[in-house]
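Here is a short briefing on one chain. Please keep the sequence and the coordinates open while reading.

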Amino acid sequence: MNDNGLMSYGANVQVLWRRAATYVDKILKGTKPADLPVEQPMKFNLVINLKAAKQISVTISPNVLARADRVIR
């Protein structure tokens, strides 16, 4: 995440890379790409930037902060 953004909610990139590596491995071992199932992300991350919030005078509730996977202070 860019340290200038206020919030980010998206798929966990590390998990996506691991899944992609599994697909590449299967393809290199002879599986046809059309035979592989389509997958959707299951793990998402919420990142909140308190520095940016302070700069634009936005207050983030403690409940939202408690749910964040990462808080930039």
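A residue is called buried when its relative accessible area is under 20%, and exposed when that value is over 50%. Asn 12 has a relative accessible area of 11%, so Asn 12 is buried. The model is predicted.

**Asn 12 and its loop**
- Asn 12 sits in the loop between strand 1 and helix 1 (13-28).
- Its side chain reaches the backbone nitrogen of Gln 14 at 3.0 Å.
- The side chain of Asn 12 also reaches the backbone nitrogen of Val 15, at 3.1 Å.
- Leaving aside residues up to four places away in sequence, Asn 12 touches Lys 43, Phe 44 and Asn 45.

**The sheet**
- Strands of a sheet pair through backbone hydrogen bonds, in a parallel or an antiparallel sense.
- Here 3 strands form an open sheet in the order 1-2-3, with mixed pairing.
- Strand 1 and strand 3 (70-72) stand at the edges; each has a single partner strand, so one side of each has no neighbour in the sheet.
- From one strand to the next, the twist averages 15 degrees.
- Strand 2 and strand 3 pair in the parallel sense, over 3 bridges.
- Ile 48 has Val 71 in strand 3 as its bridge partner.

**The aromatic pair**
- The count is 1 aromatic pair.
- The ring centres of Tyr 9 and Phe 44 are 5.7 Å apart and the planes are at 15 degrees, so the pair is stacked.
- This pair links distant parts of the chain: Tyr 9 belongs to strand 1 (residues 7-11) and Phe 44 to strand 2 (residues 44-49), 35 residues apart.
- Tyr 9 counts as exposed because its relative accessibility is 60%.
- Phe 44 counts as partly exposed, at 33% relative accessibility.

**The nonpolar core**
- The largest nonpolar core has 5 residues: Leu 46, Ile 48, Ala 53, Ile 60 and Ala 68.
- Ile 48 touches a set of residues that includes Ile 60 and Ala 68, not counting residues up to four places away in sequence.
- Also among the residues that Ile 48 touches, with the same exclusion, are Leu 6, Met 7, Val 64, Leu 65 and Val 71.

**Ser 57 and its loop**
- Ser 57 lies in the loop between helix 2 (50-55) and helix 3 (62-67).
- Ser 57 is not a glycine, yet it has a positive phi of about 60 degrees.
- Ser 57 counts as exposed, because its relative accessibility is 67%.

Terms used. Residues numbered from 1 in each chain as written. Predicted model: local features only at pLDDT ≥ 70, side-chain atom pairs only at ≥ 80, totals over all residues. Heavy atoms only, no water. Core = buried A, V, L, I, M, F, W, Y, C linked by side-chain atoms within 4.5 Å. Buried < 20%, exposed > 50% of the residue type's maximum accessible area, 1.4 Å probe, protein only. Contact = heavy atoms within 4.5 Å. Phe/Tyr/Trp six-rings, centres within 6.5 Å; stacked < 30°, edge-to-face > 60°. Helix = DSSP H or I, 4+ residues; strand = E, 2+ residues; numbered from the N terminus. Polar contact = N/O pair within 3.5 Å; in protein donor to acceptor, adjacent residues only side chain to side chain. Pairing = 2+ DSSP bridges. Axes fitted to C-alpha atoms, helices over the stretch in contact; angles between N-to-C directions.
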